[in-house]
Amino acid sequence: MTGIRVADLTYRYGAIAALDAVRFEVDQGAFCALLGPNGAGKSTLFNLLTRLFVPQAGRIEIAGHDLQANPRAALAKLGIVFQQTTLDLDLTVRQNLTYFAALHGLSGRDRARRVDMVLERLDIADRAKQKARTLNGGHKRRTEIARALLHDPAVLLLDEPTVGLDAAARAGITDHVHGLADEGVTVLWATHLADEVRPDDRLIVLHQAKVLADGYANEISGAKPLQQAFLDLTGADA
């Protein structure tokens with residue numbers, strides 16, 4: 001089954017193309033890194049995948065549901081972690097999760113069970129009573145990922161999820177999200193950092209509105225370090 005299918009997706013800001021006939025597929029349960037420099041079109045793609053923008057041309061499917069024809073079913077399968085923190089800093093971790101679960105229509109024992117489950121899944125059960133503003137960057141990110149998993153989505157989108165984190169926190173978050181893919185969640189991880197991509201990760205390189213490469217990272221990099229291959233593909237300076 002396909003987790004994400006994007007076909008001939010095009011979006012323009014006036015005369016400037018943000019995405020130009022972009023196409024790719026990500027299998028269910030795969031971890032896929034979307035690697036591109038700032039301005040490559042990653043944020044526009046995420047805005048289209050979450051229906052904040054409507055495509056000017058092309059088609060998007062989320063877990064088998066056409067996003068334009070059946071947006072409610074498609075979005076119900078989607079979990080999202082935005083680049084900027086969106087937690088209520090004056091609520092505890094558990095209160096943040098409980099509130100979000102209520103927005104999804106979850107209540108009673110089912111809501112409490114799901115909150116407990118995602119707290120354990122992201123190894124933050126010991127932070128449940130802690131106010132969000134007192135968390136370090138890594139635990140805030142884990143809380144946001146836990147929140148995105150409350151409704152058991154088939155597909156998880158993460159937009160530059162490690163921005164501002166130290167090396168240890170970045171590695172911890174990357175490990176956790178790979179673990180989610182191992183459990184069957186389709187992951188699309190947008191980043192501009194080549195060192196977040198593992199050799200056996202599925203990789204899409206996006207630059208100047210187009211897909212420049214689509215395959216596995218070790219195949220795309222060849223004999224070069226991925227960072228150098230990425231710089232060569234995008235024409236950037238080292």
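The model is a predicted one, and local features are described where pLDDT is at least 70.

Asp 166 caps the N-terminal end of H6, with a side-chain oxygen 3.3 Å from the backbone nitrogen of Ala 168, while at the start of H5 a side-chain oxygen of Asn 136 comes to within 3.2 Å of the backbone nitrogen of Gly 138. Just after H6, Gly 184 adopts a positive phi of about 110 degrees.

H5 is mostly covered, since 11 of its 12 residues are buried; among them are the charged residues Lys 140, Arg 141, Arg 142, Glu 144 and Arg 147. The cover over the buried residues of H5 includes strand E6, helices H3 and H4, strand E7 and helix H6. In H6, the buried residues include Ala 169, Ile 173, Val 177 and Leu 180, together with His 176 and His 178. These buried residues of H6 pack against strand E3 (31–35), helix H4 (108–121), helix H5 (137–148), strand E7 (155–159) and strand E8 (186–191).

**The largest pocket**

The largest pocket holds about 320 Å³ of space. Of the 18 residues that line this pocket, Ile 80, Phe 82, Phe 100, His 104 and Arg 147 are the closest to its centre. Strand E6 (78–81), helix H3 (93–103) and H5 each contribute at least two residues to the lining, and the largest share, four residues, comes from H3. Sorted by class, the lining consists of 10 nonpolar, six polar and two charged residues.

**Individual residues**

| Residue | Location | Relative accessible area |
|---|---|---|
| Gly 79 | strand E6 | 1% |
| Asn 96 | helix H3 | 6% |
| Glu 160 | loop between E7 and H6 | 7% |
| Ala 63 | loop between E4 and E5 | 8% |

Which residues does Gly 79 touch, not counting residues up to four places away in sequence? Gly 79 touches Ala 148, His 151, Pro 153, Val 155, Leu 156 and Leu 157. Gly 79 and Arg 147 are 68 residues apart in sequence, yet their C-alpha atoms are 8.5 Å apart in space.

For Asn 96, leaving aside its neighbours within four places in sequence, the contacts are with Leu 87, Asp 88, Leu 91 and Ala 132.

Ala 63 lies between strand E4 (57–62) and strand E5 (65–66), whereas Glu 160 is found in the loop that runs between E7 and H6.

How values were computed
Residues are numbered from 1 along each chain as its sequence is written. This is a predicted model: local features need pLDDT of at least 70, side-chain atom pairs count only at pLDDT 80 or more; totals for chains, interfaces and linings use all residues. Side-chain values use heavy atoms; hydrogens and water are left out. Buried means under 20% relative accessible area, exposed over 50%, partly exposed in between (1.4 Å probe, protein chains only). Contact means heavy atoms within 4.5 Å. A polar contact is a pair of N or O atoms within 3.5 Å; within protein, one must be able to donate a hydrogen and the other to accept it, and residues adjacent in sequence count only if both atoms are side-chain atoms. On a 1 Å grid over the protein atoms alone, a cavity is a set of points where a 1.4 Å probe fits but cannot get out, and a pocket is an open set with protein on both sides within 12 Å along at least five of seven lines; lining residues have an atom within 4 Å of a point. Grid points are joined across faces, edges and corners, and a volume is the space filled by probe spheres set on the points.
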